[in-house]
Amino acid sequence: MDILERLNKVLKEAGITRYRLSKKCDVPEETLTGIFNRGSVPTIVTLEAICKGLNITLSQFFAENDMIELTPELKELYSDWRFLTPKQKELTKQFVKEMKNK
C-alpha cells in the first residue's frame, strides 16, 4: 500500500485540507509537508495522530476494502456467537436467512 496515496484519498474523502488536518491531529505542518511534498514515510506515532484527527483507526486506514465497524449490538452478538455449538450456529444462520426473506 502506498501510504501517501492512501493519505491523499482519506483527506479527500474527509473533505479537509492539510492545514486543517495539522490542527486537528496536532501534527506540525512541517511534518505533514515532509510527508506530502517530499514523500517521507510517517512514523507509526504520527500516523496514529493523523488517524485520530481523521476519526479513523489505523485498521481502517490500512483496510484495502470498506471496513465494517462493529456496533455495540454487533459486538454483543459476536461475543455470544463464539459460545454456540456448530449445530446452534447453523440453526442461527438458517433462522436469520428465513427472517431476511420475510
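The model is predicted: local features need pLDDT of at least 70 and side-chain atom pairs count only at pLDDT 80 or more, whereas totals for chains, interfaces and linings use all residues. Residues are numbered from 1 along each chain as its sequence is written, and side-chain values use heavy atoms, without hydrogens and water.

Seven helices and zero strands make up the secondary structure of the protein chain (DSSP runs; helices H or I of at least four residues, strands E of at least two). The radius of gyration is 20 Å, well over the 13 Å given by the globule rule for 102 residues, so the protein chain is more spread out than a compact globule. That radius is taken over C-alpha atoms, and the rule is 2.2 Å times the number of residues to the power 0.38. The C-alpha trace spans about 55 × 25 × 25 Å along its principal axes. Of the 102 residues, 23% are buried (under 20% relative accessible area; exposed is over 50%, partly exposed in between; 1.4 Å probe, protein chains only).

One aromatic pair is present. The ring centres of F61 and F62 lie 5.0 Å apart with planes at 90 degrees, so the pair is edge-to-face (centres within 6.5 Å, planes over 60 degrees apart). F61 is buried at 1% relative accessibility. F62 is partly exposed at 37%. The charged end of R6 sits over the F61 ring, 5.7 Å from its centre (CZ of Arg within 6 Å of the centre and within 35 degrees of the ring normal).

Notes: Rings of Phe, Tyr and Trp (its six-membered ring) pair if their centres lie within 6.5 Å; planes under 30 degrees apart count as stacked, over 60 as edge-to-face and the rest as tilted.
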